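Subject: Structure handover

Hello,

Here is the structure for you to open alongside this note. My findings follow below it.

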Amino acid sequence: MLVIPRLIDESLRYETPCALLVGEYHLVLASLAQLLSGPPLNLRVELSARTDEALSRIEEEHHELLFCDLRSPPIPATELPAQLAQRNQKTRVILLGDDEDAAELVASLDCGAAGFFTKDASAEEFIEGVQAVVAGHYAIGGNLARRALARLSGHEPARGGAYDRLSPAERTILSMLEQALSTRSIAAARGISDKTVRNHMASIYRKLEVRNRSEAIMWSLRMRRERFARLTP
């Protein structure tokens, strides 16, 4: 695990910080909640399925920690630190992703979150990482450490992939296009206007070098198949 000391000026002063866990799968959240609420962390834990609901609850209840699955809908997890800062909330964010999300987690190191882990991290490493974040440090899981060091040092090899050029919001909208959601449905789920969705879509088409929604969906599905093929022995 990579720990960068004193990202934040001070450790949390609360004896039992309150954590909000966000993700679509309740069973996964329940298991994580059990880990976080037990020793040595002993956090007070609450659960949420949506990122927009999480933001509202943090404004009302002022949670000290936010654990969020990278794929939680509808607001991209990588946008949460900035949104919390806009709301004057000092909640520390820890992002979690699958092994295949490693590149996106590393690409998001400057999003304002304090912790980055893939779900195949060991329980011991994850607990140590959370303790580091509570103490005011910046923690990156061991599975991400080498790529993170390359990025932070400015020597990360250029991947050149079109997907890497998409912003977190554009990646989320691209995944919604795959689900055959209409522009209006995407706007409602993201809490933005139809015009903003169309602007994002135009940017996606330009970056992927495709002409329309159908080609963007085909491009995304092809990319997923290729990624799966690389991960399969």
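First, a term: a residue is buried when its relative accessible area is under 20%, exposed when over 50%, and partly exposed in between, using a 1.4 Å probe and protein chains only. Helices (H or I, at least four residues) and strands (E, at least two) are DSSP runs, numbered from the N terminus.

Some ground rules. The model is predicted, so local features need pLDDT of at least 70 and side-chain atom pairs count only at pLDDT 80 or more, while totals for chains, interfaces and linings use all residues. Residues are numbered from 1 along each chain as its sequence is written, and side-chain values use heavy atoms, with hydrogens and water left out.

**Helix α7**

Eight of the 11 residues of α7 are buried, so this helix is largely enclosed by the rest of the structure. Those residues are A169, E170, R171, T172, I173, L174, M176 and L177.

What does α7 meet in α9? A169, E170, I173, L174 and L177 of α7 touch H200, M201, S203, I204, K207 and L208 of α9 (contact means heavy atoms within 4.5 Å). The residues of this contact split into seven nonpolar, two polar and two charged. Here Ala, Val, Leu, Ile, Met, Phe, Trp, Tyr, Cys and Pro count as nonpolar, Asp, Glu, Lys and Arg as charged, and the others, Gly among them, as polar.

The axes of α7 (168–178) and α9 (194–208) come within 10 Å and cross at roughly 95°. Axes are lines fitted to C-alpha atoms, for helices over the stretch in contact, and angles run from 0 to 180 degrees between N-to-C directions. The two helices are therefore roughly perpendicular. That label covers 65 to 115 degrees; under 35 is roughly parallel, over 145 roughly antiparallel, and the rest oblique.

**The sheet**

Seven strands make an open, mixed sheet in the order β1-β7-β6-β5-β4-β2-β3. Two strands pair if DSSP finds at least two bridges between them. β1 (2–4) and β3 (44–48) are the edges, each pairing on one side only. The twist averages 20° from one strand to the next.

β4 (65–69) runs parallel to β2 (18–22), with four bridges between them. A19 is partnered with L65, and L20 with L66. Five bridges join β4 to β5, again in parallel. There, D69 has L96 as its bridge partner.

Five of the five residues of β4 are buried. L65, F67 and D69 point one way, L66 and C68 the other.

Helix α1 (26–37) covers β2, β3, β4 and β5 (92–97), at about 170° to β3. Helix α5 (123–134) lies across β1, β4, β5, β6 (115–118) and β7 (138–140), at about 155° to β5.

**Cysteines**

**Backbone points to check**

Most residues other than glycine have a negative phi, and most peptide bonds are trans. The exceptions here include these:

- P39 to P40 is a cis peptide bond, omega near 10°; P40 sits in the loop between α1 and β3.
- P73 to P74 is also cis, omega about -10°; P74 is in the loop between β4 and α3 (80–86).
- N88 has a positive phi of about 60°, lies in the loop between α3 and β5, and is exposed at 68%.
- A180 has a positive phi near 60°, lies in the loop between α7 and α8 (183–190), and is exposed at 65%.

Best wishes
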